[in-house]
Amino acid sequence: MNDNLNSVENFVIDEIKTRLDNLEGEIVYGCDLAHSLFWDCLADCTFTYSTYGAIEWIKDNFEEIGEVLDDISENITANAFSQPELFQVQLLYETALHLLSQCETVDSFWDREQELSEEIIEKISDELDCIS
């Protein structure tokens with residue numbers, strides 16, 4: 001857990017780390033890494049597979065969501081009240097993209113293909129822990 005970040009950002013970092021392990025050996029562009037990590041949620045328009053679960057997550061993180069939206073709000077099109085599952089997915093994806101874009105390792109292959117080796121995944125995970 002990074003004390004410099006809020007609970008939403010730390011939640012997304014934990015989710016990125018979990019999902020990165022599942023992508024070991026895959027070839028991705030750095031600019032597409034967030035999409036590759038969250039493609040299942042983006043395709044299904046849900047993270048929790050439960051409207052109630054999405055609403056509860058939004059309620060539990062409401063203040064922190066406001067802080068995160070300061071950086072990414074122009075890319076969130078769903079309304080948290082009428083489309084909570086889609087809002088949550090967009091928020092998680094855009095937050096992941098924002099956080100990954102701050103990683104030197106991801107930046108090094110932003111516009112070219114890179115195999116996600118164990119070493120690369122470890123570097124990305126370490127850099128995510130150091131974001132302030």
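1. A nonpolar core is a set of buried Ala, Val, Leu, Ile, Met, Phe, Trp, Tyr and Cys residues joined through side-chain atoms within 4.5 Å. The model is a predicted one. Its largest nonpolar core has 39 residues. Within that core, I16, L33, L91, L100, L116, I124 and L128 touch the most other members.

2. Where does the core come from? Helices α1, α2, α3, α4, α5 and α7 are the elements that give two or more residues to this core. Helix α4 spans 62-72 and α7 spans 118-129. The largest share comes from α5, with 8 residues. As a general background, nonpolar side chains tend to be buried together in soluble globular proteins.

3. I16 deserves a look. This residue is among the core members that touch the most others. Leaving out residues up to four places away in sequence, I16 touches L37, F38, A96, L100 and L128. L100 and L128 are also on the list of core members with the most contacts.

4. Next, the packing of α1 on α5. Helix α1 covers residues 7-22 and helix α5 covers residues 84-100. Their axes come within 9 Å and cross at roughly 80°. Angles of 65 to 115 degrees count as roughly perpendicular, and α1 and α5 are therefore roughly perpendicular to each other. From α1, the contact uses V8, E9, F11, V12, I13 and I16. From α5, L91, L92, T95, A96, L99 and L100 take part. By class, the contact has 10 nonpolar, 1 polar and 1 charged residues.

5. How many aromatic pairs does a search of the whole structure find? The search gives 2. In one, the rings of F11 and F47 have centres 5.8 Å apart and planes at 75°, so this pair is edge-to-face. F11 lies in helix α1, and F47 in the loop between α2 (33-44) and α3 (51-60), so the pair ties together parts that are 36 residues apart in sequence. F11 counts as partly exposed because its relative accessibility is 28%. F47, at 18% relative accessibility, counts as buried.

6. The other pair joins F11 and W57. Ring centres of F11 and W57 lie 5.5 Å apart with planes at 55°, so the pair is tilted. Distant parts of the chain are linked here: F11 is in helix α1 and W57 in helix α3, 46 residues apart. W57 counts as buried, at 12% relative accessibility. Taken together, F11, F47 and W57 form one aromatic cluster. F11 also belongs to the contact between α1 and α5.

7. Helix α2 has its own buried set. The buried residues of α2 are L33, A34, S36, L37, F38 and C41. Which elements cover them? The cover includes α1, β1 (27-29), α5, α6 (104-108) and α7.

8. Check the backbone after α2. This helix is followed by C45, whose phi is positive, near 60°. C45 is not a glycine. The residue sits in the loop between α2 and α3. Its relative accessibility is 36%, so C45 counts as partly exposed.

9. With a relative accessible area of 49%, Y49 is partly exposed.

10. Is I76 buried or exposed? I76 counts as buried because its relative accessibility is 14%. Its place is the loop between α4 and α5. Neighbours within four places in sequence aside, I76 is in contact with L69, F87, Q90, L91 and E94. L91 is one of the core members that touch the most others. I76 and Y93 are 17 residues apart in sequence and 9.7 Å apart in space, C-alpha to C-alpha.

11. Last, E67 in helix α4. At 45% relative accessibility, E67 counts as partly exposed. E67 and V8 are 59 residues apart in sequence, yet 9.2 Å apart in space, C-alpha to C-alpha. V8 is one of the α1 residues in the contact with α5.

Note on methods. Residues numbered from 1 in each chain as written. Predicted model: local features only at pLDDT ≥ 70, side-chain atom pairs only at ≥ 80, totals over all residues. Heavy atoms only, no water. Axes fitted to C-alpha atoms, helices over the stretch in contact; angles between N-to-C directions. Helix = DSSP H or I, 4+ residues; strand = E, 2+ residues; numbered from the N terminus. Parallel < 35°, antiparallel > 145°, perpendicular 65-115°, else oblique. Contact = heavy atoms within 4.5 Å. Nonpolar A, V, L, I, M, F, W, Y, C, P; charged D, E, K, R; others polar. Phe/Tyr/Trp six-rings, centres within 6.5 Å; stacked < 30°, edge-to-face > 60°. Buried < 20%, exposed > 50% of the residue type's maximum accessible area, 1.4 Å probe, protein only.
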